[in-house]
Each structure stands twice: as structure tokens, then as C-alpha cells.
Amino acid sequence: MSKLFLSISCLIFYISLSAQYLETTISVGLYPRALLYNPINNKLYCANWGSHNISVIDGENNQLITILEVDSNPTALTYNSNNNKIYCANEKSNTISVIDGENNQLITTICVGIKPIALFFNPMTNCLYCANAGTNNISIIDGNKDIVITTIDVGYFPNDFTYNPANNKIYCANLDSENITVIDAVTHQIRIIIPVRVAPCDLVYNSHNNKIYCANWGNSSVTIINGETDSIITNIYPGWCPWSLAYDSINNKIYSANFFSDNVTVIDGVSNQILQIIPVGARPKNILYDDVNNLLYCANYGSGNVTVINCMSNQIISMIDVGSQPVCLALNKQYNRIYVANFTSGTVSVIKGNIGVNESNRKILKFKDFEVYPNPTNNYFMIHSNFEADEIKLYDVNGKLIKKEKMQNYAPYRSYSQEAKVIRFSLSGVKSGVYFVQIGNERIKRKLVVRKSLNDK
């Protein structure tokens with residue numbers, strides 16, 4: 001009897017290690033619409049569309065730090081990783097609020113076009129892109145001076161962006177024009193307009209195969225585009241009204257959340273074929289890929305829950321109840337948390353991932369291994385390492401030592417694994433080019449591409 005009890009206890013313990021769970025629920029403002037995580041200061045920002053403010057939450061203890069008043073109906077957020085600033089698009093006041101990520105102070109307010117609804121920051125050029133749906137144009141803003149550099153006319157109702165780092169191009173989906181505007185990230189000139197299908201609403205980039213994917217809400221298709229030539233490769237039909245796309249960088253798969261099909265479709269990044277269709281909750285509205293744990297999170301707007309999917313097996317791990325009408329998600333890699341904004345509940349749900357899920361699903365570091373990200377980058381990179389060595393070295397393509405730092409000079413970030421640590425390495429004084437990162441005297445080196453704008457030092 002005692003052996004049976006012990007076996008059941010072990011089973012329960014194993015299951016508890018293997019499941020995600022709802023850690024807490026945080027009250028925010030009215031109708032939370034957008035979420036953003038600041039990795040430098042470990043803070044979460046929640047744009048509350050109905051109360052015209054932003055809730056700032058501590059990423060360590062889940063406590064509310066402050067509430068920032070902004071302009072009318074904040075609807076989109078993005079992060080300036082070069083200058084540690086948060087940008088908030090205010091839909092009804094036609095402005096962008098600029099917030100200091102360190103002290104939570106409002107720096108300035110930028111006037112843009114009518115109905116700004118989407119933002120994108122390009123760290124390589126230190127420029128912010130704002131889609132103005134009411135005036136059918138894009139405001140391009142200098143990330144240092146926070147002023148509008150130029151305004152580009154695009155199609156009707158621009159509503160989403162993605163970036164092609166291989167060819168340094170910005171893609172803007174125009175919902176009511178049934179096309180995508182492709183912009184040169186350096187000259188800010190329009191390179192081409194790509195006709196797609198009805199109501200393009202979401203874009204994602206495949207870094208393995210240099211492809212762009214466009215979800216066309218109106219005719220239930222996804223257009224796949226060659227990132228080099230900007231020609232259409234094919235159109236596929238994943239489900240009824242694809243709303244949100246996510247890219248799995250480990251397994252080279254694309255996920256499409258299909259709003260009226262109540263499912264998520266898995267697309268192969270090489271063959272462009274549908275691999276699997278996964279039933280989820282009602283009205284899946286937003287999906288997020290977690291590259292730390294190799295998991296996909298799907299916010300189900302109609303059923304008030306989040307589906308968690310193992311991206312290696314495409315199997316559902318769990319279904320977690322959150323608030324009413326979850327609309328968006330954000331990832332805190334340092335503390336292994338997923339945040340869910342619940343539109344009509346006025347809350348943010350915090351989903352916690354624990355060691356069991358980490359060890360079984362994320363890209364595990366081998367006995368002697370390390371990862372370098374983001375890559376390409378400009379002003380810094382992160383190292384996830386399990387090496388004992390205490391020195392980081394940066395070499396150019398000719399084998400010349402460019403820079404080295406003692407690892408103890410940098411405070412380690414809270415890691416998602418007790419066996420490894422995460423270090424932030426500054427690229428101050430390093431020019432654009434291809435480099436190799438080495439830890440101590442280990443033979444393993446990781447290639448790193450550095451791309452700096454004219455404003456970078």
C-alpha cells in the first residue's frame with residue numbers, strides 16, 4: 001500500500017513539473033490592448049485602451065510599479081533596445097508617447113498621422129515605424145531624437161509590420177488594399193508593392209529560408225513571399241480567417257491561429273506544406289512562440305483560456321484558464337513567464353513555466369555549449385552559457401582579437417536554467433561586420449553579425 005502511495009505521489013510530482021500554471025492575476029486599467037516586456041529593466045508594460053494609461057509591472061515580483069497617463073486609447077507598444085525607450089501609439093489622439101525605460105518618465109509626445117495602430121522598431125537603423133490607418137501612411141521616426149524623419153504613403157489601412165534582416169527591408173500589410181508595401185530600411189524608399197489576398201492582417205519572417213508570411217483574414221489564406229525577390233511563392237489555406245502568425249525558429253515551422261476554425265495550423269518552413277492542424281479553444285486571436293522552452297502559446301479570445309503546445313511534437317501540453325477575452329501575449333525570458341492581457345476583465349494573467357517544462361522542451365545546452373542572440377545585432381548581444389570560463393572574446397574574420405571582457409564585469413541575468421547563466425555583452429566601439437564569439441579558451445566559437453546605423457557608436 002505504501003509503495004502504491006509512493007508511486008502515485010511521484011506521478012503527481014512529475015505531472016506538476018511538466019505543466020504550466022497560472023501564477024497570479026494582476027489588475028490593470030480598462031480594456032488592456034497591448035503588452036511589452038523590457039528585458040533591460042525586467043518590466044512589463046500594459047497599454048490600457050479604455051483608461052488611457054499604461055500599467056508598469058515588476059517582472060520579478062509581479063507587483064504594479066506605477067501607472068503612466070498617456071493620450072487617448074493607447075493601442076500598440078514597441079521597445080527601443082538601443083536607447084531603452086518604450087513607444088506607445090495612441091489611436092484616438094494621433095500621437096506616440098515616449099517613455100524612459102529606466103525611470104518610467106514620459107520623455108516626449110510625437111504627433112503622427114490619424115489612427116496610429118501598429119509600431120515597429122528597427123534596431124539596425126534606430127528607426128521607429130508607425131502605421132497610421134486613418135491617413136494610409138507610415139511615420140518614420142528617429143530613435144535618438146524622437147522626431148518624424150519622413151512620412152511614406154502606403155496602401156489603405158496599414159496595420160502590421162515585419163522586418164527582413166537579410167535584405168534590410170520593412171514589410172507593411174495594408175488591410176483594405178490587399179497588398180504589402182516593401183520599404184528600403186536605409187533609404188526609406190518604396191521598393192515594390194506586393195498584391196496578396198483579401199484583408200492582410202499579420203506578417204512574420206522566416207530567418208532560416210528568408211521568407212515572409214502574410215495572413216489574409218478575408219479569404220482564409222496565407223501568402224508566402226520570397227524575401228530576396230519579393231515574389232510570391234505560393235498561397236496556402238490553413239483554416240477559416242487566419243488572424244495571427246508565429247515563427248518557430250528552432251524547428252523552422254510557422255503557426256497560424258485561425259479565428260473561426262478554432263484551431264492552429266502548422267506549416268513547414270521548407271516545403272510550405274501543412275504539417276498538422278491542432279484544435280485549440282474558441283476564437284484563437286493571438287499566438288506567441290517561446291524559443292526558450294520551444295513552446296507555442298495561443299490566446300483563445302472566445303473561451304477565455306490559453307492553449308500551450310509543445311512545438312517539437314505539436315502536442316497540446318495544457319489548457320490554462322485566464323481572464324475574459326484574452327487578446328495578446330508577452331514573454332519574460334528571465335523569469336520564464338508568459339503574460340496574457342484580458343480585454344474585458346481589465347487584468348493581466350501571469351503563466352509560470354517551471355523546470356520540468358524547461359528541461360523537456362527548450363533547446364537544451366549540451367555539456368559544453370553556449371548560444372548568442374540576438375543575431376544579427378548592433379549594440380549588444382546576450383550569451384546563454386554553461387561554460388566555467390570567466391572571459392568573453394570577440395574576433396574578426398581574420399582571427400584578430402577585437403574585444404574581450406571579464407564575465408564578472410557584467411551582472412548575470414536571471415536564467416531559465418540553474419546549470420547555465422545569461423550574460424549581456426556590450427558592442428560599444430565595435431564596427432559593423434562578421435565576428436566570432438569565444439568563451440575563455442574553449443574551441444567552440446559562434447558567428448555573430450553586427451550591423452550598426454550611422455547613429456550607433
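Over residues 1-18, pLDDT stays under 50. The model has 6 contacts beyond four places in sequence for that stretch. Keep in mind that this is a predicted model.

Residues 409-420 also stay under 50 in pLDDT. For those residues, the model has 35 contacts beyond four places in sequence. Now the chain overall. Mean pLDDT is 87. And 86% of the residues reach 70 or more.

On to strand 20, residues 221-226. Is this strand largely enclosed or largely open? Count the buried residues: 5 of the 6. So strand 20 is largely enclosed by the rest of the structure.

Next, its partners. Take strand 19, residues 211-216, to begin with. Strand 19 and strand 20 run antiparallel, joined by 6 bridges. To place yourself in that pairing, find Cys-214; Thr-223 in strand 20 stands opposite. The two strands form a hairpin, with 4 residues between them. Look at Ser-220 in the turn: its phi is positive, about 60°.

Now the pairing with strand 21, residues 232-236. How many bridges join strand 20 to strand 21? There are 4, and the strands run antiparallel. Here the pair to find is Ile-225 and, opposite, Ile-232 in strand 21. This hairpin has 5 residues between the strands. Within it, Asp-230 takes a positive phi near 60°.

One general point while you look at these strands. In a regular strand, side chains alternate between the two faces of the sheet.

To recap: strand 20 pairs antiparallel with strand 19, pairs antiparallel with strand 21, and has 5 of its 6 residues buried.

How values were computed
Residues numbered from 1 in each chain as written. Predicted model: local features only at pLDDT ≥ 70, side-chain atom pairs only at ≥ 80, totals over all residues. Heavy atoms only, no water. pLDDT = per-residue confidence, 0-100. Contact = heavy atoms within 4.5 Å. Buried < 20%, exposed > 50% of the residue type's maximum accessible area, 1.4 Å probe, protein only. Pairing = 2+ DSSP bridges.
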